Structure formats: C-alpha cells, structure tokens
Amino acid sequence: MNQKLRSLPIHLHDPWYRFSHLFDECEKAGLAPKNQNVLDLGCAQGFLEKLLIERWNCTVEGWDYQDYRWKDQLLDQWNFHLHDVAKEWPRREAFDAIFALEVIEHMIDTDLFLERCHSFLKPKGKLILSTPNIACLQNRARLALGKYQYLMEYRNAIHHVRMYTVPTLLNHLEEKGFKTLLCCGVNLLPIRAHKIAILKNISVSLANRWPSLCSQVLVIAEPR
C-alpha cells in the first residue's frame with residue numbers, strides 16, 4: 001500500500017475515506033479538538049498529522065513502533081517518537097485528544113490499552129478511534145455463504161488479533177470509564193462508489209445511521 005500511495009496525488013492519500021469522514025463528523029458534532037494538544041497512536045506516514053495541523057491547527061505528537069514517515073508530511077511541525085504502544089507508555093502530560101485509528105485491533109491486551117488512553121487524557125479529553133467491524137454487512141453475507149470473513153486473518157499478515165462488533169466496542173469503552181459521544185460507520189457503499197456524488201451522500205448517510213453494518217466504525221468518547 002505504501003508504494004501505491006506514493007504514486008498518488010497528496011489529496012488521494014486517504015484511500016479508506018477514514019480521515020475525511022472523521023473530520024467532517026467531528027466538526028458537525030462540535031467535537032473537533034481545534035487548537036489543542038493531541039496524541040496520535042500508530043501515526044505511520046503522518047497523513048493524519050498533516051490534516052490535524054492544516055485543518056485544526058493542533059499541536060501534534062505521534063507514536064509508532066517504526067519510522068514510516070515521508071519527507072512531505074510536515075515533519076518539522078509535529079513531534080515523532082518511536083514507541084510500541086502495546087508495551088510501556090512513556091509518561092507525558094495529559095493530552096486534549098488521543099487518536100487511535102485502526103490500532104486497537106492490533107492490541108493483545110485491549111483492557112490495558114484503553115486504561116492507558118483514559119489515564120493520558122485530560123478531563124473531558126477525547127478518545128477518537130476507528131476499528132474494523134467484524135459484523136459488517138459484507139461479513140454477514142460471507143459467513144452465510146461459508147466464506148472467510150473480511151479483515152480477519154488466519155496468518156499474521158497485518159496482525160489483527162482483536163476484532164469488535166459495534167455493541168461490544170461501546171460496552172468495552174463504558175467498562176473502562178468512557179462515555180461515547182459519537183458512533184458512526186466510515187462508509188457503507190464501496191469507496192469506488194464515492195466517485196459519484198449522490199452515491200457518496202447515500203453511503204455517508206447510511207453509515208451514520210447504521211454503523212453496525214459498515215466495515216469500519218468511528219467512535220469518539222470521553223472519560224466519565
């Protein structure tokens with residue numbers, strides 16, 4: 001995927017539509033951490049960092065277990081640290097927001113992961129996460145036909161070790177002291193359908209209404 005992304009214009013470096021929908025929904029709900037101090041877990045190449053700086057004027061710190069950054073991702077405007085978030089977290093001052101996009105499904109100890117997120121947030125700080133939905137419409141159909149489920153893996157290809165349904169994710173957040181403020185799907189129709197404006201609007205509307213049918217779910221929560 002990295003090599004494919006390199007060949008695309010910068011505005012197409014969001015192939016799963018995750019960032020675009022996330023920013024739009026945060027702004028519509030009045031939950032965007034504008035001008036705030038944020039932590040991005042699993043920051044990868046820095047696409048999210050670039051958007052956080054340019055669109056919301058955030059002060060950004062990114063953690064990842066490997067340095068994937070590209071030279072065109074505003075490297076001098078955000079702080080990068082090599083940290084494996086599945087292991088010990090270095091003590092920092094609390095953040096206004098923590099982003100964990102497609103991270104929790106890689107954590108063996110999801111209890112500890114959410115507890116750390118909780119302890120690293122300021123009161124009323126926001127945990128903004130996304131994760132695959134094992135009970136998406138596609139998987140329900142595939143399982144009914146006896147096919148292997150999408151985004152699962154029987155080999156360690158991308159290391160998905162924990163998979164959620166929407167109710168399970170929301171219940172887990174509540175158990176760990178979070179209150180859910182927003183829950184929506186990323187998209188219901190395939191991304192290729194978003195090239196047509198009316199289909200994109202339908203896809204977004206359905207994803208917001210029925211996140212439990214979408215392949216990826218977005219959640220914003222705050223400590224209770």
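**Salt bridges and sheet of the predicted model**

D96 is buried (under 20% relative accessible area, with exposed meaning over 50% and partly exposed in between, for a 1.4 Å probe and protein chains only), its relative accessible area being 17%. The model is predicted, and local features need pLDDT of at least 70, side-chain atom pairs count only at pLDDT 80 or more, and totals for chains, interfaces and linings use all residues. Residues are numbered from 1 along each chain as its sequence is written, and side-chain values use heavy atoms, with hydrogens and water left out.

D96 forms a salt bridge with K122 (a side-chain nitrogen of Lys or Arg within 4 Å of a carboxyl oxygen of Asp or Glu), and the closest N and O atoms are 3.2 Å apart. K122 is in strand β5 (residues 121–132) and D96 in strand β4, so the pair ties together parts 26 residues apart in sequence; strands (E, at least two residues) and helices (H or I, at least four) are DSSP runs, numbered from the N terminus. K122 is partly exposed, at 33% relative accessibility.

In the salt bridge of K176 with E115, the closest N and O atoms are 2.9 Å apart. K176 belongs to the loop between α6 (166–175) and β6, and E115 to helix α4, so this pair ties together parts 61 residues apart in sequence. E115 is partly exposed, at 39% relative accessibility. The count comes to 13 salt bridges.

Seven strands form an open sheet with mixed pairing, in the order β3-β2-β1-β4-β5-β7-β6; two strands pair if DSSP finds at least two bridges between them. The edge strands, each pairing on one side only, are β3 (79–82) and β6 (178–185).
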